[in-house]
Amino acid sequence: MTLLRRAAVLIRADDPETGWIVRVALSALLIWALIGQATAPLIAALVCWFGFVATDHRWPRLARVSLAVAALLPAAVVGDADDGSAQLFLFAALFIFVMLPRTPLRAVLGLTAAVLAVMSLSIRGSAMLAQAAVIVIVVLFSLHRREHRLRTEERARTHEAQARAAALDERARIARELHDVLAHSLGALAVQLEVAEAELTEKRDLAAAATRIRRARKLARDGLTEARSAVAALRADVPPMPRALADLAAAHRADHGVQISLRTRGSAHTLNPAAEVALVRTAREAFTNAARHAPGADVTVSLEYTNSAVRLIIANKCDGADSGGGYGLVGARERLALAGGTLEAGAADGMWRVVAEVPA
């Protein structure tokens, strides 16, 4: 069974037009044809054919020369052959010569012209025209097949390169998201723990140390939430934006006891992960700023879908002071910019608004 599987793998990996299976089959067919017409030119053509098979991978130029000679020799005796042996040798060698992907077009055209010139020495009149037409058709068909295969392979390589570039971009985005989460959360956590240690060892202030430890615990919990959000955005089961916002709103409502109105306009559609994470992070930061700078104030959330963009608007009452111009919104603006989006935040008519927009 192992041998059969290996054979199947080799067959699937082989070139269906110029690979070793085709060459073995043609070699057997040419030997069989030579049995009935063992002339010197055909014997020499068979030798040249096997020279091509033997040298193709190591010396490709020598292999092409051998293959060209294997096509020219039977062309010289096509008119004298009693059967189709010479035609078989000619078309087999010519087809493989044209189909080889590394054969230059000028070499193909040169060999075709040489074959026709050699054939004209032994064939005259309408027979020559018929043979020439067949050869031209074979060459054109082979060229078409070769160009189609080369374009297909080029598209496959381009697609593979694009997939590789997309994977690298995604890994870079993952690294950036996790770095943002861990650098902020662990850095702040380390500071709080250092202060708590100083409170305990130097000041013997248990109440202050306990406050710092509680702050550290909250930072750890928030960091874990951020990390889970970053990981969840990479999974196939990422919730749609309306549901993700509804979950954030429900958590904020439960933590702070405020009313949050959430509405969605337009037809919801899937966003790329970077844009979705940026919007969710922006919403979380806006909720945090509302709780910090306007405790008890109700929050309105509007998610608007258009053909060209998705816009998130979060608003809450404010007293006219700066309600959230800190580093949180700066980081959100940077994250949105990486996703091709924008962020505007400011106070107007007694309301603090955060407006985030990403391309659809």
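Colleague: How many salt bridges does the count come to, and what makes a pair of side chains a salt bridge?

Modeller: The count comes to six, a salt bridge being a side-chain nitrogen of Lys or Arg within 4 Å of a carboxyl oxygen of Asp or Glu. The structure is a predicted model, in which local features need pLDDT of at least 70 and side-chain atom pairs count only at pLDDT 80 or more, while totals for chains, interfaces and linings use all residues. Residues are numbered from 1 along each chain as its sequence is written, and side-chain values use heavy atoms, with hydrogens and water left out.

Colleague: What makes Arg265 and Glu304 a salt bridge, and where in the chain do they lie?

Modeller: Their side chains meet at 3.6 Å, N to O. Arg265 belongs to strand β1 (residues 260-265) and Glu304 to strand β2, so that the pair links distant parts of the chain, 39 residues apart. Helices (H or I, at least four residues) and strands (E, at least two) are DSSP runs, numbered from the N terminus.

Colleague: Why is Glu304 called buried, and what is Arg265 called?

Modeller: Buried means under 20% relative accessible area, exposed over 50%, and partly exposed in between (1.4 Å probe, protein chains only). Glu304 has 15% and therefore counts as buried, whereas Arg265, with 41%, is partly exposed.

Colleague: How do you know that Arg311 forms a salt bridge with Glu357?

Modeller: The closest N and O atoms are 2.9 Å apart. Arg311 is in strand β3 (residues 309-317) and Glu357 in strand β5, so this pair ties together parts 46 residues apart in sequence. Arg265, Glu304, Arg311 and Glu357 are linked in a network of salt bridges.

Colleague: What separates Arg157 and Glu154 in helix α7?

Modeller: They are three residues apart, about one helical turn, and they form a salt bridge with the closest N and O atoms at 2.8 Å. In general, an α-helix has 3.6 residues a turn, so residues three or four places apart point the same way.

Colleague: Why is the aromatic pair of Trp49 and Phe52 called tilted?

Modeller: Rings of Phe, Tyr and Trp (its six-membered ring) pair if their centres lie within 6.5 Å; planes under 30 degrees apart count as stacked, over 60 as edge-to-face and the rest as tilted. The search of the whole structure finds one aromatic pair. The ring centres of Trp49 and Phe52 are 5.6 Å apart and their planes stand at 50°, so the pair is tilted. Both residues lie in helix α3 (residues 40-55). Trp49, at 1% relative accessibility, counts as buried, and Phe52, at 0%, counts as buried too.

Colleague: What makes Arg204 count as exposed?

Modeller: Its relative accessibility is 66%, so Arg204 counts as exposed. Arg204 lies in the loop between α7 (125-203) and α8 (206-232), and has a positive phi of about 55° although it is not a glycine.
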